[in-house]
Amino acid sequence: MSFRFRQSSSASSGMGVAEHCKSTFLELQRKKAHRYVIFKIDETKNEVVVEKTGSPAESYQDLTSALPENDCRYAVYDFEFVTSENCQKSKIFFIAWSPESSRIRAKMLYATSKSRIRHELDGVHYEIQATDSTEMDLEVLRERVY
């Protein structure tokens with residue numbers, strides 16, 4: 001009986017975060033080894049895992065194309081831009097992708113697990129919650145940093 005209670009309480013507080021998620025994020029943040037990282041919830045492991053990484057040469061379009069049309073995901077994107085003073089800068093965006101067409105259970109799991117993964121990914125500058133592609137358009141990112 002207590003096992004059931006613990007299982008349901010962990011579901012309400014969200015999934016754990018695999019150690020690999022943190023190390024992959026640090027590779028993006030510090031070494032610029034990735035342009036983006038897509039995370040998914042692995043229900044068999046009860047944790048968030050890395051699903052895909054994008055090489056530094058990949059674009060924001062590559063990230064958005066890699067997100068599933070009918071399922072939720074988390075992603076981080078290293079957005080590089082040039083300031084009005086002509087300085088090269090970079091800001092890390094956390095994207096919570098939860099399309100309208102995804103299952104209710106998936107939306108709930110991702111919503112309850114978001115704060116845990118956000119806490120683990122120290123160094124994110126901006127967060128975007130998107131239910132369709134227009135809410136995470138490249139212009140949205142540009143508006144945030146300028």
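Predicted model: local features only at pLDDT ≥ 70, side-chain atom pairs only at ≥ 80, totals over all residues.
Start with strand β5. It pairs with strand β6, residues 126–130, through 5 bridges, and the two strands run parallel. Within this pairing, Phe94 has Glu127 in β6 as its bridge partner. Helix α4 spans residues 104–120, and together β5, α4 and β6 make a right-handed β-α-β unit. Phe94 has another neighbour too. Arg118 lies over the face of its ring, at 5.4 Å from the ring centre.

Now turn to the aromatic rings. The structure holds 8 aromatic pairs. One of them joins Phe79 and Phe81, which are stacked, 5.6 Å centre to centre with 20° between the planes. Both Phe79 and Phe81 are buried. Phe81 also pairs with Tyr146, this time edge-to-face, at 5.5 Å centre to centre and 75° between the planes. That pair links distant parts of the chain: Phe81 sits in strand β4, Tyr146 in the segment after α5 (138–145), 65 residues apart. Phe81 counts as buried because its relative accessibility is 7%, under the 20% cut-off. Tyr146 is exposed, because its relative accessible area is 57%, over the 50% cut-off. Phe79, Phe81 and Tyr146 belong to one aromatic cluster, along with Tyr60, Tyr77, Phe93 and Tyr126.

Most residues other than glycine have a negative phi. Lys32 has a positive phi of about 55°. Its place is the loop between α2 (19–31) and β2 (36–42). Asn86 has a positive phi of about 65°. It is found in the loop between β4 (73–82) and β5 (88–97). Lys32 is partly exposed, at 35% relative accessibility, whereas Asn86 is exposed, at 65%.

Methods
Residues numbered from 1 in each chain as written. Heavy atoms only, no water. Helix = DSSP H or I, 4+ residues; strand = E, 2+ residues; numbered from the N terminus. Buried < 20%, exposed > 50% of the residue type's maximum accessible area, 1.4 Å probe, protein only. Pairing = 2+ DSSP bridges. Right-handed = clockwise from strand over helix to strand, strands pointing away. Phe/Tyr/Trp six-rings, centres within 6.5 Å; stacked < 30°, edge-to-face > 60°. Lys NZ or Arg CZ within 6 Å of the ring centre and 35° of its normal.
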